[in-house]
Amino acid sequence: MRHSIDVQLESETILYRRATRLIKKALPVALRARGVNLPCQIDVLLTDNEGIRVINLDRRGVDKVTDVLSFPYNNLREDEFDPNDCEIDPETGNVLLGSMVLSVPRCESQAEEYGTGFAREISYLAVHSLLHLLGYDHLDEGERKRLMRQREKANMGKLRLLK
């Protein structure tokens, strides 16, 4: 089964190409771990701090740089993936999960700040965003946030990128 992970780069640097490879490795692992066994389409945009700030302002009304933005195409609930609740691409049959935007420079600076390394940080943010596309959320400090953090940790373990 092949997932379609379409990555658009706003810069053709080595770091952006490395980020693409890491994301394309992390997302299929995370999908399998969540029991998503159908081919899926995920659109990824790798941009810089200004690019993500503009998108954050345009789409969410928040004039702030962030590390990752997630835009689900469906209203899924955590741990209850049902392809019947999803949009399907009529040409490919892929489940359309949504799109994510990552700021590569922000990821790089967070990796340095947290001492995690770039591979772990970009993979973590991609997994985090994918979980949002699958209906997970962490807006409260309660059970939903704990569940999302458990899923993130499990996926990072499968990728051998635990902190």
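A salt bridge here means a side-chain nitrogen of Lys or Arg within 4 Å of a carboxyl oxygen of Asp or Glu. With that in hand, on to the model, which is predicted. Searching the whole structure gives nine salt bridges. I'll take a few of them.

Start with Asp 79. Its side chain meets that of Arg 34 in a salt bridge, 2.9 Å from N to O.

How accessible are they? Asp 79 is partly exposed, at 39% relative accessibility. Arg 34 is partly exposed too, at 22%.

Asp 79 has another partner. Arg 151 forms a salt bridge with it, and the closest N and O atoms are 2.5 Å apart. Arg 151 belongs to helix α5 (residues 143-158) and Asp 79 to the β3–β4 loop, so this pair ties together parts 72 residues apart in sequence. Is Arg 151 buried or exposed? Its relative accessible area is 18%. The cut-off for buried is under 20%, so Arg 151 counts as buried.

Now stay in helix α5. Glu 143 and Arg 146 form a salt bridge, with 3.2 Å between the closest N and O atoms. Why call this one local? The two residues are three apart in α5, so about one helical turn separates them. Arg 146 is partly exposed, at 46% relative accessibility.

Back to the shared partners. Salt bridges join Arg 34, Asp 79 and Arg 151 into one network. That's the picture.

Technical notes. Residues are numbered from 1 along each chain as its sequence is written. This is a predicted model: local features need pLDDT of at least 70, side-chain atom pairs count only at pLDDT 80 or more; totals for chains, interfaces and linings use all residues. Side-chain values use heavy atoms; hydrogens and water are left out. Buried means under 20% relative accessible area, exposed over 50%, partly exposed in between (1.4 Å probe, protein chains only). Helices (H or I, at least four residues) and strands (E, at least two) are DSSP runs, numbered from the N terminus.
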